[in-house]
Amino acid sequence: PRLPLRAAQQGPAGPPPVLLGDELAKALDVGVGDLVRWTALGFGGGRPHFSYQSLRVTGTFHVGFSEFDRSWAVTDREVVVARLGASGTAADPEAAAGMIEIRLADARRAPELASQVQAIVGDSYLVTEWQALNDRLFGALRLQQRMLFLVLSLIVVVSTFHVASTLIVAARERTRE
């Protein structure tokens with residue numbers, strides 16, 4: 001969903017606006033109108049240092065993906081570029097922030113194309129394909145599949161013993177008759 005960040009902006013005198021994931025806002029115990037402090041880690045002069053920026057919460061969002069809802073904040077690109085440029089994380093402040101998504105006709109080719117894109121853009125960019133981004137989800141699904149197989153196997157084994165024992169008891173009773 002498109003986030004209404006521009007419509008919720010403060011005036012030039014106030015702190016820049018930020019939208020928080022709804023779970024993040026609950027964890028921080030903040031609401032609309034509250035101030036939050038964003039901390040950016042920079043590496044200038046061979047040493048790490050921190051840069052701070054106060055932002056005003058103008059709303060929350062819910063995308064339905066827990067990892068985003070509990071850890072993401074959205075603000076104007078200019079705010080991020082100014083802070084990262086000032087903290088020394090990038091020589092070119094315009095290259096300091098941003099994300100590009102590529103939609104593929106065949107999603108199964110993502111790992112192959114990710115390596116090709118990484119070769120083109122070089123080591124200065126992080127290229128991540130959708131399978132790596134959702135690795136935890138796929139791991140949980142694999143575990144669920146294995147556990148379901150184990151439980152169903154146990155059910156089949158127990159029911160097989162039950163049927164076999166019933167047949168054996170019935171056969172012995174008839175033998176006596």
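Which residues form one aromatic cluster? In this predicted model, the cluster is formed by Phe 65, Phe 68 and Trp 72.

The protein contains six helices and four strands. Followed along the sequence, these elements give the pattern β-α-β-β-α-β-α-α-α-α. Of its 177 residues, 21% count as buried. The protein exposes about 13500 Å², and 60% of this area is supplied by carbon and sulfur atoms. Among contacts with a separation of 6 or more, 54% come from residues 24 or more positions apart.

In soluble globular proteins, nonpolar side chains tend to be buried together. Here, the largest nonpolar core has nine residues, namely Val 18, Leu 20, Leu 24, Ala 25, Val 30, Val 36, Leu 55, Val 57 and Val 79. Strand S1 (17-21), helix H1 (22-28) and strand S3 (47-61) are the elements that give two or more residues to this core. Setting aside residues up to four places away in sequence, Val 79 touches Pro 16, Trp 38, Gln 53 and Leu 55.

Is Gln 53 buried or exposed? Gln 53 is buried, because its relative accessible area is 17% and the cut-off for burial is under 20%. Apart from its neighbours within four places in sequence, Gln 53 is in contact with Pro 16, Val 36, Arg 37, Trp 38, Val 79 and Arg 83.

Returning to the aromatic rings, the structure holds three aromatic pairs. Phe 68 and Trp 72 form one of them, with ring centres 4.5 Å apart and an angle of 65° between the planes, an edge-to-face arrangement. Phe 68 is partly exposed at a relative accessible area of 29%, and Trp 72 is also partly exposed, at 36%. Another pair joins Trp 130 and Phe 138, and it is edge-to-face because the planes stand at 75°, with the centres 5.7 Å apart. The relative accessible area is 37% for Trp 130, which is partly exposed, and 26% for Phe 138, which is likewise partly exposed.

Charged side chains supply another set of contacts, and the count of salt bridges comes to two. In one, the side chains of Arg 108 and Asp 106 meet with an N to O distance of 3.2 Å. Arg 108 is exposed, with 69% relative accessibility, whereas Asp 106 is partly exposed at 30%. The other salt bridge links Glu 112 with Arg 109, whose closest N and O atoms are 3.1 Å apart. Both partners are partly exposed: Glu 112 has a relative accessible area of 39% and Arg 109 has one of 36%.

Leu 143, Met 147, Leu 150 and Leu 154 make a nonpolar surface patch of about 390 Å². Leu 143 lies in helix H6, which covers residues 135-176. Phe 138, described above as a partner of Trp 130, has a number that falls within the range of this helix.

Two further residues round out the picture. Gln 116 sits in helix H4, made of residues 110-121, and is partly exposed with a relative accessible area of 40%. Between Gln 116 and Val 127 there are 11 residues of sequence separation, and their C-alpha atoms are 9.7 Å apart in space.

Where is Asp 29 placed? Asp 29 belongs to the loop between H1 and strand S2 (35-44). Although Asp 29 is not a glycine, its phi is positive, at about 55°. Asp 29 counts as exposed because its relative accessibility is 70%, and exposure is set at over 50%.

Methods: Residues are numbered from 1 along each chain as its sequence is written. This is a predicted model: local features need pLDDT of at least 70, side-chain atom pairs count only at pLDDT 80 or more; totals for chains, interfaces and linings use all residues. Side-chain values use heavy atoms; hydrogens and water are left out. Rings of Phe, Tyr and Trp (its six-membered ring) pair if their centres lie within 6.5 Å; planes under 30 degrees apart count as stacked, over 60 as edge-to-face and the rest as tilted. Buried means under 20% relative accessible area, exposed over 50%, partly exposed in between (1.4 Å probe, protein chains only). A salt bridge is a side-chain nitrogen of Lys or Arg within 4 Å of a carboxyl oxygen of Asp or Glu. Patches are made of residues with over 30% relative accessible area and no salt bridge: like charges are joined within 9 Å, nonpolar side chains (Val, Leu, Ile, Met, Phe, Trp, Tyr) within 5 Å. Accessible areas come from the Shrake-Rupley method with a 1.4 Å probe; for residues, only the protein chains shown count as cover. A nonpolar core is a set of buried Ala, Val, Leu, Ile, Met, Phe, Trp, Tyr and Cys residues joined through side-chain atoms within 4.5 Å. Contact means heavy atoms within 4.5 Å.
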